[in-house]
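Subject: Structure for your review

Dear colleague,

Please find below the structure that I am handing over to you.

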Amino acid sequence: MKLSMLKARFLLLIVTANISFGCSDISSQQAIVFFENPQFLEQEEDLLIALEDINSYKNLSEFLHNQNWINSFLIKKSPLKPLEIFIESKEPKYIWQEKFYLDENLSKFLYFEEHPDLLHLNTPIELVAEWLKVEKQFYEVTEGFNLKISSVTYTEAEGWYFKTRNNIRINMGSDLSYKIFEKLSLTLKYIFEKNLTPSIIDLRYKDGAALNYGK
């Protein structure tokens with residue numbers, strides 16, 4: 001495809017379509033690319049360069065279909081007009097293992113540090129769903145004390161632990177039960193009433209919590 005390319009970003013509601021145009025040559029066709037709900041991903045920029053080397057509608061459709069960060073796309077062909085390509089990018093919701101994004105359906109695509117403030121999940125992929133079940137509860141209790149969870153980690157040795165944006169580590173143990181949730185609520189209430197500033201809150205103790213003030 002020989003592109004004199006314009007890049008536009010509009011908020012559109014489009015219907016997913018996968019259109020086969022056969023093998024018609026488009027080596028001299030101009031194209032305009034529209035990103036619906038742009039996520040400002042590096043892949044979006046790379047795609048504009050890669051399209052320069054595509055020379056048929058069939059290849060174009062296959063190329064777009066193979067981009068795992070694209071949720072849906074539409075190719076619109078009109079006589080005597082530039083080819084129009086509408087692309088809906090997947091919306092990153094989490095950063096997983098510092099290498100990939102996950103969207104709301106836990107679909108995985110590469111992370112290039114465009115959105116570092118998303119929640120970082122450092123867990124086996126099979127445990128992500130377990131976190132999703134309790135995410136809202138833990139957000140509500142921490143945000144009630146102006147704390148923002150920045151990362152969630154699970155290891156065999158330590159179980160679950162969170163880190164907040166103000167560098168508090170909260171050790172939860174091997175499961176995210178309602179009992180742990182209640183203990184976290186009471187502990188946060190206590191430390192804020194007493195104006196305490198622990199660096200670690202350890203909830204793995206049977207009879208209460210331990211507070212650590214070291215760095």
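This is a predicted model: local features need pLDDT of at least 70, side-chain atom pairs count only at pLDDT 80 or more; totals for chains, interfaces and linings use all residues.

Which residue takes a positive phi in the hairpin of β3 and β4? The residue is Leu80, whose phi is near 65°, and the hairpin has six residues between its strands.

Residues are numbered from 1 along each chain as its sequence is written, and side-chain values use heavy atoms, with hydrogens and water left out.

Overall composition

The protein chain contains four helices and 13 strands. Both are DSSP runs numbered from the N terminus: helices are H or I with at least four residues, and strands are E with at least two. Of the 215 residues in the chain, 43% are buried (buried means under 20% relative accessible area, exposed over 50%, and partly exposed in between, with a 1.4 Å probe and protein chains only). The chain exposes about 12400 Å², of which carbon and sulfur atoms supply 51%; accessible areas come from the Shrake-Rupley method with a 1.4 Å probe, and for residues only the protein chains shown count as cover. Among contacts (heavy atoms within 4.5 Å) with a separation of 6 or more, 54% are between residues 24 or more positions apart.

Strand β4 and its partners

Strand β4 covers residues 83-89, and six of its seven residues are buried, so the strand is largely enclosed by the rest of the structure. Two strands pair if DSSP finds at least two bridges between them. Strand β2 (residues 31-36) runs parallel to β4 and is joined to it by six bridges; here Ile32 stands opposite Glu84. Strand β3 (residues 70-76) is also joined to β4 by six bridges, but these two strands run antiparallel, and Leu74 stands opposite Phe86.

Strand β10 and its partners

Five of the six residues of strand β10 (residues 159-164) are buried, so β10 is largely enclosed by the rest of the structure. Strand β9 (residues 149-155) pairs with β10 in the antiparallel sense over six bridges, and Thr155 has Gly159 as its bridge partner. These two strands form a hairpin with three residues between them. Strand β11 (residues 169-173) is antiparallel to β10 and is joined to it by four bridges, with Ile170 as the bridge partner of Phe162. The hairpin of β10 and β11 has four residues between the strands, and in this hairpin Asn167 takes a positive phi near 70°.

Two helices

Helix α3 (residues 128-143) and helix α4 (residues 178-193) pack at an angle of about 10°, with their axes 10 Å apart. The axes are lines fitted to C-alpha atoms, for helices over the stretch in contact, and angles run from 0 to 180 degrees between N-to-C directions. The two helices are therefore roughly parallel to each other (under 35 degrees; over 145 is roughly antiparallel, 65 to 115 roughly perpendicular and the rest oblique). Gln137, Phe138, Val141 and Thr142 in α3 meet Tyr178, Phe181, Leu184, Ser185 and Leu188 in α4.

Residue Asp202

Asp202 lies in strand β12 (residues 200-202) and is buried, with a relative accessible area of 9%. Leaving aside neighbours within four places in sequence, Asp202 is in contact with Asn171, Gly208, Ala209 and Ala210.

Yours sincerely
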